[in-house]
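Reader: Got a model open here. Can you walk me through how the pieces pack?

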Amino acid sequence: MRFLGIDFGWTSGASGLCCLEWQNDRLKMLDLKRQEAIADVLAWIDDWAPEPQSALVAVDAPTLIPNLTGMRLPDRLTHKYFGRYHAGCYPANLGSRFAERTVGFGLSLEARGFQHAPQMEPKQSGRYQIEAFPHPAIVHLFDLEQILKYKKGKLAERRAELTKLRMYICDRLPQLEPALDLSQSKLSLPEIPLKGAALKALEDQLDSIICAYIAAHWWYWGLERNWVLGDRTEGYIVVPVTRGKGGWIGG
């Protein structure tokens, strides 16, 4: 089973891409990169998860948007349950300038056989896609009191927060179940760069690792240790849980 994390460029720009594989009862990173064009992102997916390869794709973008205006159900639920962590997501509706692009990407995945999976039996083979949101996942996985603020602010502040995320990925994910130990990978995780453009590139890649891990955690545990905010009709976001029980969370 493979797990593809896509930190998708909502309006334009590059997408971070990570591929993990379940091998010998643990996760292994097979690829980590960044692509600009959607066609190149889809080509990368075709390379790492060609049919009939079983795979689960986790996309950090609203690929299901049923509402003409306002906020989706999962958007509201992130604010309800993660607002105190500063982890409420950006609202999406069909009038949003990114809607055609993000929904279209989800449809491109469906055309490749990746069906939406807001419900799933643990360790089930097949081809699936889910929506992921790194901020609440990071809060839960690493037991934080608020998000890591590496997306906005002064360069030095962003760099410090991204350094923390890199550390958590390297030090904490090997201790979780399923385990992801990047020190066992042939690929080395990039160091934290000094310049802004390079910092953004690494941010995209680290977010894609989190997305791929969300996919693996959903496949491994299902609803036992994951929250599903929303549903197939109104849109949904899968959030890992390391404390307490998982489950479906509606309005």
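**Sheet and helix packing**

Author: Start with strand 7 (residues 226-231): strand 7 and strand 9 pair in the parallel sense over three bridges. Strands are DSSP runs of E, at least two residues, numbered from the N terminus. Pairing needs at least two DSSP bridges. This is a predicted model: local features need pLDDT of at least 70, side-chain atom pairs pLDDT 80 or more, while totals for chains, interfaces and linings use all residues. Residues are numbered from 1 along each chain as its sequence is written, and side-chain values use heavy atoms, without hydrogens and water.

Reader: What stands opposite valine 228?

Author: Tryptophan 248 in strand 9.

Reader: What is the strand order in the open sheet?

Author: The order is 8-7-9, with mixed pairing. Strand 8 (235-240) and strand 9 (247-249) are the edges, each pairing on one side only.

Reader: Switching to helices. Which strands does helix 4 touch?

Author: Helix 4 packs on the sheet and touches strand 7 and strand 8. Its direction makes about 25° with that of strand 8. Helices are DSSP runs of H or I, at least four residues. Contact means heavy atoms within 4.5 Å.

Reader: At what angle do helix 4 and helix 6 pack?

Author: About 70°, axes 10 Å apart, for helix 4 (residues 134-141) and helix 6 (residues 196-221). So helix 4 is roughly perpendicular to helix 6 (65 to 115 degrees). Axes are lines fitted to C-alpha atoms over the stretch in contact, and angles run from 0 to 180 degrees between N-to-C directions.

Reader: Which residues of helix 4 make the contact?

Author: Pro134, Ala137, Ile138 and Leu141. Helix 6 brings Asp207, Ile210, Cys211, Tyr213 and Ile214.

Note on methods: Parallel < 35°, antiparallel > 145°, perpendicular 65-115°, else oblique.
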